[in-house]
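This briefing describes a single protein model for a reader who has the coordinates open. The points are grouped by topic.

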Amino acid sequence: MERFIMPRGTGKTYQLILKSAETNQPILVHNDVLKKYVQEIANNHKIEIPTPISVGDILCGKCRGRHYNGVLVDELETVMRQFVSYFLSVPMTGYSMSIDN
């Protein structure tokens, strides 16, 4: 699994767009505004990517029946917060993460 752990505004999303074009895997974002933003960045750079998906797309069933060979998650912590809140009805108050190669 590839990780892009960099400060805000340094190209993490752009790196995911390049990876999405290379692997044909959609980018999962936390809302529809970011979904449009990711697609706009790709379009502006003339990079063809699969249509990004949002947490809302998953929760309302828009992704049901689709087969992906993987997904790339933009802003993992925010996406996880939404899933935890939706499925457990509690806030995510912490997490740990290994940084293995």
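What follows covers the overall fold, the nonpolar cores, the surface, the salt bridges and the backbone.

The model is a predicted one. The protein has four helices and three strands, and from the N terminus on its elements run α-β-α-β-α-β-α. Its radius of gyration is 14 Å, close to the 13 Å that the globule rule gives for 101 residues, so the protein is as compact as a globular protein of that length.

**Overall dimensions and surface**

- The C-alpha trace spans about 40 × 30 × 25 Å along its principal axes.
- Of the 101 residues in the protein, 29% are buried.
- The accessible surface of the protein is about 7,200 Å², and carbon and sulfur atoms account for 52% of that surface.
- Among contacts with a separation of 6 or more, 65% are between residues 24 or more positions apart.

**Nonpolar cores**

- The largest nonpolar core consists of 10 residues: Leu16, Ile17, Ile27, Val29, Val38, Ile41, Ala42, Ile47, Ile49 and Leu72.
- At least two residues of this core come from each of helix H1 (12–23), strand S1 (27–29) and helix H2 (32–44).
- Helix H2 gives the most to this core, with three residues.
- Apart from this core lies another one, of six residues, including Ile53, Val55, Cys63 and Phe83.
- Which residues does Ile17 contact, leaving aside its neighbours within four places in sequence? Ile17 is in contact with Ile27, Val38, Ile41, Ala42, Ile47 and Ile49.

- A nonpolar patch on the surface is formed by Ile5, Leu76, Met80, Tyr95, Met97 and Ile99, which together have about 640 Å² of accessible area.
- Ile99, one of the patch residues, is placed in the segment after helix H4 (76–88).
- The relative accessible area of Ile99 is 60%, so Ile99 is exposed.
- Thr78 belongs to helix H4 and counts as partly exposed, because its relative accessibility is 21%.
- Thr78 and Val29 are 49 residues apart along the chain, and 8.5 Å separates their C-alpha atoms.

**Salt bridges**

- Side chains of opposite charge can pair when their charged atoms come close.
- The protein has seven salt bridges by the distance rule, among them the pairs described below.
- Lys19 and Glu2 form a salt bridge through their side chains, at 2.8 Å from N to O. Lys19 lies in helix H1 and Glu2 in the segment before H1, so the pair ties together parts that are 17 residues apart in sequence. Glu2 is partly exposed, at 46% relative accessibility.
- The side chains of Lys12 and Glu75 also meet in a salt bridge, at 4.0 Å from N to O. This pair links distant parts of the chain, with Lys12 in helix H1 and Glu75 in the loop between strand S3 (72–73) and H4, 63 residues apart.
- Are the two partners, Lys12 and Glu75, buried or partly exposed? Lys12 has a relative accessible area of 15% and is therefore buried, while Glu75 is partly exposed at 30% relative accessibility.
- Lys35 and Asp57 form a salt bridge at 2.8 Å from N to O. Lys35 is in helix H2 and Asp57 in helix H3 (residues 55–59), and this pair links distant parts of the chain, 22 residues apart.
- Asp57 has 6% relative accessibility, so Asp57 counts as buried.

**Backbone: positive phi**

- Most residues other than glycine have a negative phi.
- Lys46 is not a glycine, yet its phi is positive, at about 55 degrees. Lys46 is found in the loop between H2 and strand S2 (53–54). With a relative accessible area of 76%, Lys46 is exposed.
- Ser89, not a glycine either, has a positive phi of about 55 degrees. Ser89 sits in the segment after H4. Its relative accessible area is 63%, so Ser89 is exposed.

Terms used:
Residues numbered from 1 in each chain as written. Predicted model: local features only at pLDDT ≥ 70, side-chain atom pairs only at ≥ 80, totals over all residues. Heavy atoms only, no water. Core = buried A, V, L, I, M, F, W, Y, C linked by side-chain atoms within 4.5 Å. Buried < 20%, exposed > 50% of the residue type's maximum accessible area, 1.4 Å probe, protein only. Contact = heavy atoms within 4.5 Å. Patch = residues over 30% accessible without salt bridge, like charges linked within 9 Å, V, L, I, M, F, W, Y side chains within 5 Å. Areas by Shrake-Rupley, 256 points an atom, 1.4 Å probe, with all protein chains shown as cover. Rg over C-alpha atoms; globule rule 2.2 N^0.38 Å.
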